[in-house]
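Please walk through this two-part account with the sequence and the model open side by side.

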Amino acid sequence: VSTLAVARLAWGARVAWLRRWHARHPESWVYAVAVVAGVVLLAGHGTATHGSSSGGMHAGHGQDLTPAAAAGHWTLMVLAMMLPMAAPQTRVVALRSLWVRRHRAGLVFVVGYVVVWLGVGLPVATVASAVVLPVWLGPALLGVAALWHVSGWRRRALRRCGAVRLRAARGTSADANCLDVGARAGWICVVACGPAMLPMALQPTAPWSLPVMVGVLGVMLAERAPGPDPARRMGRAGPAAALAAIAAAAALT
Amino acid sequence: MRMTEEAAVDRVRRNVAKLTRQEDWPETLVAYERAVGLMRAADPGPGRPSVPTGWRYQAAIHGLQGPDGRADTSDPLWSTCQHGSWFFLPWHRMYLAAFEQIVQHHLGDDSWSLPYWYSIDPDRPRRAILPAAFREDRVDNNLFTTERSRRANRGRPFYGVLPFEQLSSGLGDALAAGRYATADGLATFGGGKRARPAFSGEEQGLLEGTPHGAVHVLVGSDLDRSGNITRSGWMASFFTAALDPIFWLHHANLDRLWQVWIDLGNPVPRRQRAWMDTTFTFPAPEGASVTWSVAEVLDTGNLGYRYDDLDPPSGVGAALERPARPRVAEDEPTTPTPQREVLRLRRQATRPTEETDLPVPPRVIGAVSDVRLSSTVQVEIPLTGIDQGRTYLRVEGVTGSAGAATYVLYLGVPTNEPPTRHPELRVGILTTFGVLEASVPGDQHDGDGVTATYDVTAVRGLLQAEGRWGDVMGVSLVAGLAEPDDLEEADVDAPAPDMRARRLAVLVAAL
């Protein structure tokens, strides 16, 4: 009996800890969605590159996917790569909204954020899918993104990434406010990270696409990671050099 | 130059009120006045400040307004002051230490120490007067400037007719806070935990509000009959504050109060590497620079100085059951903090903790948006759920270009009664120092305004006891007024107040 009681207590403690953790992290679902999108992307990428390897990879890229598939690929890429960037803001939006509607507020914020990324990227990805692009284009654009990385405009955009302006607390006006805050965050994020994402939007089935995706994600997460002197890490030479190295490696692929 | 070795503590920063008890011009102030003159002489004249050891360059480190009205960051050392975040106190400690080195360099005396101005001493309200040396209107007195409130320069209490007890209780609230910083939007001593240093980080700590902001804006501004600012002097703006010689003594006192808070047994977040290892750089004499991490300046002994008095105000010490050491008999009588205040502080005192994250985040149970600060109508916040726990009022995103120097916030004042008749329902003072700067997007922030949080648990308890805590919470804002004697004809037409809070929110936290 006592063993059962101890087990119950231990179980109760674990449940309480989980509840507290969940209360502290209303954004956890955002990471879960990103992971699922990443897994689907990986699986799909293997199929696409395998299928396209006989379709003339060295001639150029972009024509390997139908427009619909390219749109789906871009959507998955945004979910896998950009949701982790939006997760900290999602948490702030949720916790600063009325407690009873915290999850709804976080969801609406993410919708606004993703819609901007899709609005910008889908036309590019679908048009590119119908065009034959030179194989060197992606690495070259990534090199340009490395230069953009150290520009003052980009640094300013990155510094504003965390801004959350919540106003209305209830009703449709609160939803509209969260949508607006999400769209604004999405737009700032497009300015900061769009150039680094562009090569993969244009040439999703290039052999370098997947490693570049992982590398770019790593750079973006690293410069946002908590730690000392973030202002000196963000948009400085280190991440830009890492992007340039990724671009060089992609060019050699 | 990076500080790596522990320097010996060889200097003492002293209370300017004690230094000037016998004479208006003690040796320390004579030397300071001379150094200010030498630093002004080192300035190259109008235009960009280009001499790092000059007065205007030193002030530009705190803030300089560019031609577009935003913070000028064309020199990487300019406009680097930290406000509205947990970097506020360490950055200003470093700024003062570097400034002290430059003054010593100009004087050729490395034993000189910056005095401090304990402007809101709850035990000695009569010290809320600008020291005489700073008021002496002579052309050759570098400590005097007309760029201050006339009230302060006339030797009157700088706070006008704002009840002193409102200011002293603000200091008491700050010293009674048990937490240095949190990302959860609660009232803390040092300011919001933020990922990035920022010129205006949006989340003020309690000390940054009162006494810091209150003294800045009250010493720096003339007010009209409604309490609105008619003329802003140097102290009233980030961009000009450090041009006023009293700025440095004011901040030395804030630096001292940080040490007082630590000595009360409150820990700083030493496990937060993002705070401890962040570095800031300042110019040093002879073309050098000095870089410190936050960890390196936590002990003032490492910077070579200590303070002559680290006793808390008597009421705070008693409330936290840490009575002050017996004081040396002084000729100035003390005014002990009222017992009611002591009891209130005792209730407010939270368990000291180094943690910056709460086990469970606070819950927002009510909010209203777009609140005009000058409104005389009570703001009603509908509440969802009557959760128990410590209760906070957050004034979020205050922006605007004109308004009062201070707003006193009250909770649950009965309809048709003036809030000032209910001091027991007062929850704090909102100071508007930095609002203008925080309203304009800049390199380091997005113009999101100033945010301040107040612990309203005690007032909530009072209202609950009277059966007046319900589904709606009423918040009243009252502008701090000027003293009628200080009003002049020119003061009558203040710009129309336009300051607004993006949102007022009520939070409940289980601490």
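**A buried histidine and its helix**

His73(A) counts as buried, at 11% relative accessibility. Here buried means under 20% relative accessible area, exposed over 50%, and partly exposed in between, with a 1.4 Å probe and protein chains only. The model is predicted: local features need pLDDT of at least 70, side-chain atom pairs count only at pLDDT 80 or more, and totals for chains, interfaces and linings use all residues; side-chain values use heavy atoms, with hydrogens and water left out. Residues are numbered from 1 along each chain as its sequence is written, while chains are lettered from A and ligands numbered from 1 in the order in which they are written.

His73(A) sits in helix α3 of chain A. Leaving aside residues up to four places away in sequence, His73(A) touches Leu41(A), His45(A), Leu65(A), Met200(A), Pro204(A) and Met213(A). A contact means heavy atoms within 4.5 Å. Helix α3 spans residues 67–96 and has a kink of about 50° at Leu83(A), shortly before the proline Pro84(A). The bend at a residue is the angle between axes fitted to the seven residues ending there and the seven starting there.

Chain A has 10 helices and zero strands. Helices (H or I, at least four residues) and strands (E, at least two) are DSSP runs, numbered from the N terminus. Of the 253 residues in chain A, 47% are buried. Among its contacts between residues at least 6 apart in sequence, 84% join residues at least 24 apart.

**Chain B**

Chain B has 14 helices and 14 strands. Buried residues make up 63% of its 511 residues. Its mean pLDDT is 88, and 89% of its residues reach 70 or more. pLDDT is the predictor's confidence in each residue, from 0 to 100. Over residues 1–6 of chain B, pLDDT stays under 50. For the complex, the predictor gives an ipTM of 0.84 and a pTM of 0.89.

Now the backbone. Ser79(B) is not a glycine, yet its phi is positive, near 50°. Ser79(B) lies in the loop between α3 and α4 (88–107) of chain B. Its relative accessible area is 1%, so Ser79(B) is buried. Asn416(B) also has a positive phi, about 70°, and is not a glycine. Asn416(B) lies in the loop between β10 (406–411) and β11 (426–431). With a relative accessible area of 78%, Asn416(B) is exposed. The peptide bond from Thr210(B) to Pro211(B) is cis, with omega near 15°. Pro211(B) belongs to helix α8 (residues 206–220) of chain B.

**Enclosed space**

How many cavities of 30 Å³ or more does a search of the whole structure find? The search finds six. On a 1 Å grid over the protein atoms alone, a cavity is a set of points where a 1.4 Å probe fits but cannot get out, and lining residues have an atom within 4 Å of a point. Grid points are joined across faces, edges and corners, and a volume is the space filled by probe spheres set on the points.

The second largest cavity holds about 60 Å³ of space. Its lining includes His83(B), Glu202(B), His212(B), Phe238(B) and Val450(B). By class, that lining has three nonpolar, five polar and three charged residues. Ala, Val, Leu, Ile, Met, Phe, Trp, Tyr, Cys and Pro count as nonpolar, Asp, Glu, Lys and Arg as charged, and the others, Gly among them, as polar.

Note on methods:
On a 1 Å grid over the protein atoms alone, a cavity is a set of points where a 1.4 Å probe fits but cannot get out, and a pocket is an open set with protein on both sides within 12 Å along at least five of seven lines; lining residues have an atom within 4 Å of a point.
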